[in-house]
Amino acid sequence: MPELDRRDFLKLVGVGAGAAAAAGCSDPVEKLIPYVVQPDIITPGIPVYYASTCRECPAGCGLHVKTREGRPIKLEGNPEHPVNKGSLCARGQAGLGRTYHPDRFPGPMLRGSDGKLAPISWKDATELVATKLRGGAGGAYLLGSDPGPTASGVLDKWVAAVGAGGRIVYEPFAPEALVEAAQLVFGNASEPVFDLSKADLVVSFANDFLETWVSPVEHARQLAEARDISAHPEGGARFVYFGPRLSMTASSSDEWIPARPGSEGILAMALARVVLENGGGSASERALLAGVLDGFDAERAAARTGVDAKTIERVGKALAKAKAPIALPPAGGFASNRARAATAAVLVLNQLTGAVGKTLALLPLPSDGKRASYKELLALVDSMKSGKVSVLLVHGADPAYSMPQTTDFADALTKVPFVVSFASSTDETSALAHLILPEHTPLESWGDAQPRAGVRSVLQPAVRPLQDTQALIDALLDIGRAVSPEVAAKLPTGSFRTLLEAAWSDADFRQVLQRGGVFAEKSGPASASLSPGVAKLGVADPVLEGEGDYVLLALPSPLLYDGRGANLPWLQEIPDPVTKIVWQSWLEVSHETAQKLGLVAGDVVVIETGGQRRAEVPVVPRGGIRNDVVALAVGQGHTQGLYASRELERGVNDPQGKRLYPLPENAGRQVARGVNVISLLAAATDEAGGRAWLTTKAKLTKAGRSERVAFTGANDNMRERMLGEAITLSDLVAGKSVVDPEMLGLAASVKERLQDAARRGEEMTPPAGVPAEALTRNGELIAFNPADDAKPGSPYRWGMSIDLDRCTGCSACVAACYLENNVPIVGEEQSIRGRIMSWLRLERYVTDGDIDYVGGRPPHSTLERLGHVGVRHLPMLCQHCGSAPCEPVCPVFATYHNPEGLNGMVYNRCIGTRYCSNNCPYKVRRFNYFDYSLETWPEPMKLMLNPDVTVRCQGVMEKCTYCAQRVEFARQPAKNEKRLIRDGEVTPACAQSCPTQAITFGNLKDADSQVAKKASDPKRGYHALHVLNTRPATTYLAKVVRGPVEV
Amino acid sequence: MSEPAPGHRIALPFLLFAVVTVVVLALPGAREVSAQAKSSETALEAQKLAWDDNAPGPKQPIPFSHAIHAGQYQIQCLYCHTGTDRSRMAGVPSVENCMGCHAQFGGDLEGVQILKKHWEEKTPIEWQQIHRLPEYVKFRHNRHIQAGVACQTCHGPVQEMNKVYLVPDRGWMNGVPVAKLEMGWCINCHNKNKASIDCLTCHH
C-alpha cells in the first residue's frame, strides 16, 4: 500500500472540506416570515415613530419612540415638547431596556407556600384579590408612584368605590419641601418653577440641577442658553455652587464654594442680609425681615457655614447687582430635617433679588393628581406594623429597597397578610409580595403626565405587550368590578384607553397622539410678596444622628437615580460622571481623611452610622470633597435583578449553564451589588413631614482589606497635552486663540501638504477669520482645513464640532451611542480589565493638567483641590482623522479612509490584529475579546437591537462610525431627489440626545453648514492632540473659564 | 429624521384589488366564473413543478409558481413585493396580500388551500430564504430599483421559474472567480455602472 504523502493528504482533506462547505451552503438556513396582515403604516425597513412620554423620573420629558417592524429600538426626545425639546438623558434612553428585560414576569404569579412563584391566570388572580377585598376593604391601601393625572383620578375613584383605606403616592426624591416652602414664603399654594435661561447669575445651594433635580434635561439646556458664548460675548450667566462636594453639576460652575452640608439655609439668610444691605428688597420686606436676619451677619454665618465672610459679602453684592439672578434650593441628598426652612430661605433670597416673575415662576399647583407625601407613607408603615393593613397594592415603586431601614418597611411588609405587586420585573418589593400582577412597561402603555401646569403630555403604546401583562388601571378596574356589582356600579365604565380619551376630550386626540400632548405653557404672576409667615422661618443647623466624625451624604446617582436604573445594564456600565467608576459602590472621602485612616483607593472601610447600621465599602479618595464629609451614591445594593444584583456573575440566569468567559474572582461572594446607602440612613423628616436624606453622621474604620475598584478613567491629569482645553474669558475678549502658534503643527508634514497643493495647482488659503500670522511659522503654513481630507470630487467631508463650554458631562451621548450602535455590555470584571466597549466616552480632566511631580507616581491620581473647579469634560470618540494612524497599520484594509472623509471600519474584513488600536493616540478603538453580544442581549433583549447596525462578534475591532447608518439613511431621499444631503439632515445619535446641543455634525465642505461655521472658530477651535498631526475631523471648542463672580 | 407617527394610508395593492374585484363582479356571469373557478391545466402543472423534488432550490411550504404569476399573468413584481422601491428591505407579501386575489381564484389548487388555512388560522407562512446576504451587508433594494436595475439581475429569470432557486452566475474579479451574491460579483456591477464602491456604503 503506497504511503500517503503530505501532498495527497492535503488533497483529500481539501476535498472533504470542500464537500462539507458545499453541503453547508446548499440549504438556506434562514426563513422569511412575512406578516399575516401587514399593518398599513409598517413597511419593513422603514422606521415608524410614536410620540410618548418618558417615565424614568417625574420630569416628564417628551419621547419619540423609533420602532422598526413594530419593535421600539431607540428613544429620542420629542423636539416639540417644551420640557426637553428633542433631547433625552441617559436614564430616559436606557428605559428602552425595561420592555425587553429578561427579568420581566411572564404573567401573573402567585407565591406558593414554599415561597416560590407559580403562574396563575389573570381571571383567578383578579378573583383572588377581589375575595380579599370583599370582606371589607378598609384595610386595603394603594401605594405607588404618580401614574399621571388621568390614572390618578381613576385610582381615587377606585379607592372610593372599593372602600379602601387610602392611596399614598411615593417618590423617594420628591421635592416636597419646595411646595411647602413656597406656601410658607409667599402665603399661597404654588409650584416654584425655575427658568435658568434668562438668568445672569445662578447660585446653587447644593442643588444638583444638572443631574437629578426636577427636570435635569431642561435645566441643562437653560444653563447652556444663558451661558452661550456666541450670544453673550461677555460670558453670559455666572454660576456659583455652594456645596461640600465637587459634583457633576458643580463641575459646570464658575466658582465652587465648599460650604458645610446642611448650612445652605444659613448661607441663604446671610446672603439675603447682604442683598438687603445693598439695596435689595422693598421697604416692607426690609421691615418684615429685620428681626429674622438678625443672627445672620456674614461673620457669624462664616463660622457656621465654612464659607469665609468676604466671599459671602462678594456673592451677596453680586446677587444684589444682578439683573436676573436665580437661587436654587438644597435638594436631593441635601434635604435635611430643616429642608423646608432652608428652601424657604432660598425662596426669600429669590424674592429679595427680584427673581420672581423673571427667572422664578410661581405656577398654580396642578389641580388633578395627587402629590407624593412621605408623611402619609410613614403613617401607613405604622398601621402596617400594628396589623391594620390587610391588603397592600404596590405599583411603580420599590419601597422595600428605597425606604430607610429604621422605618422597618420590609419588616412591616411581612405583617401585611396580602401584598400585591404590580411590578413588571423583579425588584425588592415584588420579592416580598404574595401576588404579582405585572403591569405594562411605559412603552406598552396608555397614559399621560403633567410635568407642570399647562404642559400635558401623553403616553401611547409603541409595541404590543411582550408578556402577559395588563395596564395598572385595567387590572384594578377588573378587580373592583369583580368585588361586587355595587362596587362595579361606582367604578367608571370602559377600559383605561377610553377613559384616557375621555379625559383628553377637550383636545383633538389624534393630534395629541401625533404631537405628544398639549403644550400651553403658563406664566406665573409677575411679582409676589412675602407672607408674614417668614418672620418665623426657623433656619437652623440640621440635627444629624450618629456619633461619627463625618457627615454621610447619600446622593441620588446621576445614572441610577434612586436605584430604579440599577437593573438596566447601560446605566451600570456608563461611568459615573465624576469618578468614572462602573458597576460598583464606592465611598468618596477627602485625601486628608484617607491619609488619616491610612487608606488608598480600593481599601475597604467599615462605615457605621449608629444602631446596627453598618456596611463595608471601598473608598475613593479625591480632592473635591470636604474633609468632614463622606459621600456614597444611592442606587446600588440591590439583591434582586439580573444586572442590579450580582446574580449574573453567579451564573444562575445563564440559560445554557455555560459561561462565555471566565467567572470573576468574586463570583457568588455576595448577592448584593455594592452597598445600599439607604440602609445606613436614619429615618428623619423635615418640618413639614417631607423626607430628609441628610440625616446621619458616619464612623469609619479600616477593614484591612481592599477591593478592585472598576475605574474606567484612571487619571484626571492631562499632562500638558492638548486634550480638554480652556481659554479664559479675558483672553477670549482680547482676541487670543486657544491654540498657541508655537505649539502648532509638524513643519515637515505641512511642507508636504503645501507641495501637494502646489501639484494640484491649488493654493492653500487660511480659513476665513484666521489671521495669517497665526498660521505660519518661518513662512510655512501650519494650519489645515479638515475639509481637504476627503476625495477631491466628493461633495462631503463629514465632521463634528463639540463645544466643551456647553458640555456638562451628563453622559446622555454615551447612552445614545450604546443604544443606537448595538454596543455590547461587558460587565464589571471585564470593565476592570479595561475592556469596556463604549464608542464614545466622557473623559474628565482637572485644570490644565500640569505635571506637578518629578519622577515616580503622582501623590494622588486626582488634581482636584477644595474650592477649585477647573473640570473639563471631554467627549472622546473616533476623531475621523484625515491622516489616521490606524489606517496604514491594518494589514487587511479593514480600516480605511472613505471618499467622504470618514475613517471606515469594515467588521467583516477585520482579523483582529489590534494594530489599529495600538496606533490610535485617542484610544477610541474597542476590541471584542469575547462574544459579549451573546451575554449582553439575553432573550428577549435581542429584539431591541438596531437592525441597521451590524452586531460584532468575537475578535473584531469596532469604533465610532459617526453613525454611518444615519448618513446612509439621509442619502436615500437626497439621491432620489437628485440633490445633496442638506445641512441638519444627518444627526448622529450623540448629537441628537445632547441636552445642551454641544455636538454639531455636518458637512465641512459646505461653508454654510453649522459644523463648518463652528469648527472654524478661530479663538476656541482646536484639535485634540493636534501636535500629532492626525488632522481630525472632530473640532473641539475650548471651554471658557469665566472666573469667580466679581462685583 | 424624527417624523411623528404617520396617519393611515391605504395600501396601493389593496386599492387595486378592490377596483378589480368591483369590475369583475359587475361583469355579467362573473359570479359563476368565480364560484366554479376551475384552474387551468397550466396552473396545475406549474404547481406540480413548484414542488418537483428534482428541480433545484429548496422546497417551499406552498407550491407557489412565479412562472404563473410573474410570467403568464405578468403581474408586476412590485405588485406583491410592495415597499421594495421605498425600503432597504424587499417586502415579502403578507398572507392578506395573497388572499386579496385568492379569496376569489384558484380555490381548487392545493397551494391555495394551504394559503387559506394560514389565513383562517392567522399563522404566517414560513418561506425558505433563497437569496441571502450576510447580516453585515446592508443591501438597499430601493436604491437599486431607483437606479433602474431589473430584479432579474440578482434574482434571475424568476418569471420563468416554477420553483425558485439561486441561478448560478460566475464572474471574475481581479482574476478570482466570484459567484452570485458574493462581494466581487456586486463590485463588478458597481464598477460597470459607476456606483459607489466605498465599503461603508454596504458595511456599517
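1. Chain A contributes 46 residues and chain B 43 residues to the contact between them, where two residues are in contact if their C-beta atoms, placed from the backbone, lie within 7 Å. The model is predicted: local features need pLDDT of at least 70 and side-chain atom pairs count only at pLDDT 80 or more, while totals for chains, interfaces and linings use all residues. Residues are numbered from 1 along each chain as its sequence is written, and chains are lettered from A and ligands numbered from 1 in the order in which they are written.

2. On the side of chain A that touches chain B, two or more residues each come from strand S1 (31-32), strand S2 (48-53), helix H19 (509-515) and helix H30 (964-976) of chain A. Helices (H or I, at least four residues) and strands (E, at least two) are DSSP runs, numbered from the N terminus. H30(A) gives the most, with five residues. By type, this side of chain A has 24 nonpolar, 14 polar and eight charged residues. Ala, Val, Leu, Ile, Met, Phe, Trp, Tyr, Cys and Pro count as nonpolar, Asp, Glu, Lys and Arg as charged, and the others, Gly among them, as polar.

3. S1(A) also runs antiparallel to strand S1 (residues 127-128) of chain B, joined to that strand by two bridges; strands pair if DSSP finds at least two bridges between them. Leu32(A) has Trp127(B) as its bridge partner.

4. Chain A is assigned domain 1 (33-162 + 388-505), domain 2 (176-363), domain 3 (550-706) and domain 4 (726-852 + 860-1033); the bounds come from an automatic or database domain assignment. The C-alpha centres of domains 1 and 4 of chain A are 41 Å apart. Between these two, 16 residues of domain 1 of chain A are in contact with 20 residues of domain 4 of chain A. S4(A) supplies the largest share of the domain 1 side, four residues. That side divides into nine nonpolar, three polar and four charged residues.

5. Chain A also has an open antiparallel sheet of three strands, in the order S18-S19-S20. Its edge strands are S18 (447-452) and S20 (517-519) of chain A. Three bridges link S19 (residues 455-459) of chain A with S20(A), and Ser457(A) stands opposite Gly517(A).

6. Chain B has domain 1 (12-121) and domain 2 (141-156 + 166-202). Their contact takes eight residues from domain 1 of chain B and four residues from domain 2 of chain B.
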